[in-house]
Amino acid sequence: MSRSVTVINPGALSLIQDSGRQGYQRYGVPVSGAIDPEALLIGNLLVGNGHSAAAIEVMFGGAEFLFSAEAVAAVTGCDLEISLDGTRLSTWQSFVAPAGAVLRLGPPVAGLRAYVTVDGGIDIKPVLGSRSTHVASGIGGLDGRPLAAGDELPLGAPNASSSPGAKFPGQLRKVISNELTVRVVQGPQRSSFTSQGVRSLFSSTYTVTDRSDRQGLRLDGPVIEAVDGRYDIISDAVVSGAVQVPGDGRPIILLADRQTTGGYAKIAVVATVDLPLLAQAVPGTALRFVEITVAEAQQLMRERHASVLSADLTFDLETHRSVIAIDGETREINLDYRRDELRKPGGGAVSVSIEGVRSTVRVEEMPR
Amino acid sequence: MTQRHVDSYEPPVILPSGDQAISVEFAAEISERVNGQVYALADALTASPPAWMNELVPAYRSLLVQYDAFQVDFDVVAAELRERVAAVYPATGARDHRQRTVYELPVAYGGENGPDLEAVASQARLSPEDVVRIHSGVNYRVYMIGFSPGFPYLGGMDERIACPRLATPRTRVPAGSVGIAESQTGVYPNASPGGWQLIGRTPVRLFDQSENPPSVLQPGHYVRFLPVDSDEMSRIEELVAGGEYVIKSTALSA
């Protein structure tokens with residue numbers, strides 16, 4: 001029987017996304033793809049997938065998925081609580097979901113979007129070389145639409161290299177904050193703006209408004225002045241991260257679902273390395289912009305990519321935190337164990353600490 | 001978008017567009033000559049693509065070249081693009097070597113198919129019949145495809161029927177709608193929001209995501225609109241629905 005994941009509850013917005021639809025922008029087809037490409041990449045690494053395998057992008061959490069068969073999965077992206085059949089799990093860490101298990105994503109504590117990656121990837125039919133969903137044009141995903149309760153998502157053949165117990169190191173994770181400093185390079189139409197306009201961009205704080213979506217972040221803040229008030233240009237192609245300024249002088253940062261072309265002057269372009277921060281920026285987030293050179297931006301992008309790819313994903317201890325009642329009194333307990341050791345014949349040791357008091361329990365057989 | 005400064009850059013300029021793309025801008029004008037230069041460079045790069053090239057996105061007067069910045073530095077790409085530009089500019093720039101093909105799109109003008117025809121006519125101080133005659137009387141060049149999948153930006157429209165965008169864009173424009181904005185005309189291949197004034201609708205499908213390429217029209221192609229009455233419109237709609245309609249195209253002599 002083929003493996004699948006069934007959507008029980010898609011939350012506010014769940015979309016199938018991979019690394020985007022490349023090669024068709026000249027026909028007006030938007031790239032789309034994961035708006036936080038790094039979280040998708042890491043999620044795929046954790047479950048042993050190829051870098052661009054399709055996953056479920058969940059906005060605002062609150063989603064539930066049922067596994068039809070055993071699978072290795074992980075949740076990356078924003079900070080949120082997740083549980084499998086009621087047992088709390090860690091994000092940024094792969095786990096085994098047994099057949100029939102239900103994965104629940106709570107509301108985000110920080111950030112916006114989580115990625116559920118599963119070994120083998122979401123294996124729907126690609127459209128124009130990609131499984132990514134672009135809702136506005138109805139392309140990709142399941143009939144170009146957001147996921148709905150009852151949708152059954154087929155999984156690809158599991159990769160031989162996928163194994164539970166991979167963890168992306170905490171010290172390498174990007175810090176989600178509601179005060180961000182965003183690095184940009186000079187945009188192609190910098191000369192369309194007055195020196196006062198350029199000063200506004202770099203000396204002011206801009207706020208992410210709630211009129212933001214996968215197409216772009218609309219910012220509020222001081223007006224950015226264009227020479228002779230001319231914000232319109234002869235339409236040309238736009239890239240992810242482009243900071244365009246329409247006639248009201250308030251910048252818009254274009255993201256994954258942007259149209260392929262636009263008619264507004266672009267004062268700056270966000271460095272690729274900082275795009276994941278924008279993908280997680282909730283309305284109200286304060287942004288400050290600093291300028292770097294293209295060479296610096298490329299260096300930062302390569303270094304970050306290399307550190308993600310070379311990160312040590314092995315880890316020793318798995319920690320489960322739960323609250324139990326002992327004689328009617330609630331206590332918080334921590335269970336620390338090596339999952340691979342527990343799977344050995346004869347079992348292994350679990351370190352149990354109840355409010356700081358540690359003891360060791362021997363587990364003879366690991367329940368599946 | 002409609003500003004027309006009549007000045008070319010000598011030579012074309014190489015502008016970084018973020019850390020993974022370069023925009024080559026040929027001029028600050030919309031003209032067949034400049035647009036021909038854009039596609040001459042795009043064709044040259046497609047014919048012998050540099051190892052670092054990812055994707056090309058041509059527009060009216062500029063070509064966006066997306067490159068693999070994990071492999072190569074900006075300076076290297078910029079230098080190679082300068083050489084490629086020098087090889088096609090201005091020698092071949094004045095001449096577009098592409099096959100000039102004219103696609104004939106049947107259009108039902110006015111009524112529910114073109115709810116803004118009367119308004120366009122009164123703004124132009126013309127009769128609706130005159131607007132239709134003028135609009136369907138020339139071959140339009142496909143300068144670029146953008147805004148939405150398969151949306152052709154058509155240039156060459158008679159200034160007499162130019163009109164502003166709607167003050168309040170429609171939340172839903174039906175697929176096939178033919179619109180005017182300033183001195184441009186275009187066709188919405190799919191239902192989408194839109195602010196162009198709608199003068200008619202074609203039953204022809206211009207975009208099919210299951211085809212490759214997905215867009216019938218390609219930049220450098222030409223389009224001519226053929227007015228059809230409601231009977232002919234219904235007949236063509238049936239053919240399109242049955243997958244039997246073939247868009248009429250003719251080669252233009254250069």
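This report covers chain A as a whole, then selected helices and residues of chains A and B.

## Model and conventions

This is a predicted model, in which local features need pLDDT of at least 70, side-chain atom pairs count only at pLDDT 80 or more, and totals for chains, interfaces and linings use all residues. Residues are numbered from 1 along each chain as its sequence is written, chains are lettered from A and ligands numbered from 1 in the order in which they are written, and side-chain values use heavy atoms, with hydrogens and water left out.

## Chain A overall

Chain A has five helices and 21 strands. These are DSSP runs numbered from the N terminus (helices H or I, at least four residues; strands E, at least two). Of its 368 residues, 56% count as buried. Buried means under 20% relative accessible area, exposed over 50%, and partly exposed in between (1.4 Å probe, protein chains only).

Take the contacts in chain A between residues at least 6 apart in sequence: 70% of them join residues at least 24 apart. A contact here means heavy atoms within 4.5 Å.

## Helix α1 of chain A

Helix α1(A) spans residues 37-46 and is mostly covered, with eight of its ten residues buried. The buried residues are Glu38(A), Ala39(A), Leu40(A), Leu41(A), Ile42(A), Gly43(A), Asn44(A) and Leu46(A). Their cover includes strands β2 (13-17), β3 (55-59), β5 (71-84) and β8 (102-118) of chain A. Helices α3 (275-279) and α4 (294-309) of chain A are also among the covering elements. After α1(A) comes Gly48(A), with a positive phi near 80°.

## Packing of α1(A) on α4(A)

The axes of α1(A) and α4(A) come within 11 Å and cross at roughly 25°. Axes are lines fitted to C-alpha atoms, for helices over the stretch in contact, and angles run from 0 to 180 degrees between N-to-C directions. The two helices, α1(A) and α4(A), are therefore roughly parallel. Angles under 35 degrees count as roughly parallel, over 145 as roughly antiparallel, 65 to 115 as roughly perpendicular and the rest as oblique.

From α1(A), the contact uses Glu38(A), Leu41(A), Ile42(A) and Leu45(A). From α4(A), Arg304(A), His305(A), Val308(A) and Leu309(A) take part. By class, this contact of α1(A) with α4(A) has five nonpolar, one polar and two charged residues. Ala, Val, Leu, Ile, Met, Phe, Trp, Tyr, Cys and Pro count as nonpolar, Asp, Glu, Lys and Arg as charged, and the others, Gly among them, as polar.

## Pro158(A)

Pro158(A) lies in the loop between β9 (152-154) and β10 (179-186) of chain A. Pro158(A) is partly exposed, at 47% relative accessible area. Not counting residues up to four places away in sequence, Pro158(A) touches Arg3(A), Asp119(A) and Gly120(A). The C-alpha atoms of Pro158(A) and Val47(A) are 9.2 Å apart, with the two residues 111 apart along the chain.

## Asp116(B)

Asp116(B) sits in the loop between β5 (101-109) and α3 (117-124) of chain B. Asp116(B) is buried, with a relative accessible area of 7%. Its side chain makes a polar contact with the side chain of Arg170(B), at 2.9 Å. A polar contact is a pair of N or O atoms within 3.5 Å; within protein, one must be able to donate a hydrogen and the other to accept it, and residues adjacent in sequence count only if both atoms are side-chain atoms. Leaving aside neighbours within four places in sequence, Asp116(B) is in contact with Leu166(B), Arg170(B), Trp196(B), Gln197(B) and Leu198(B).
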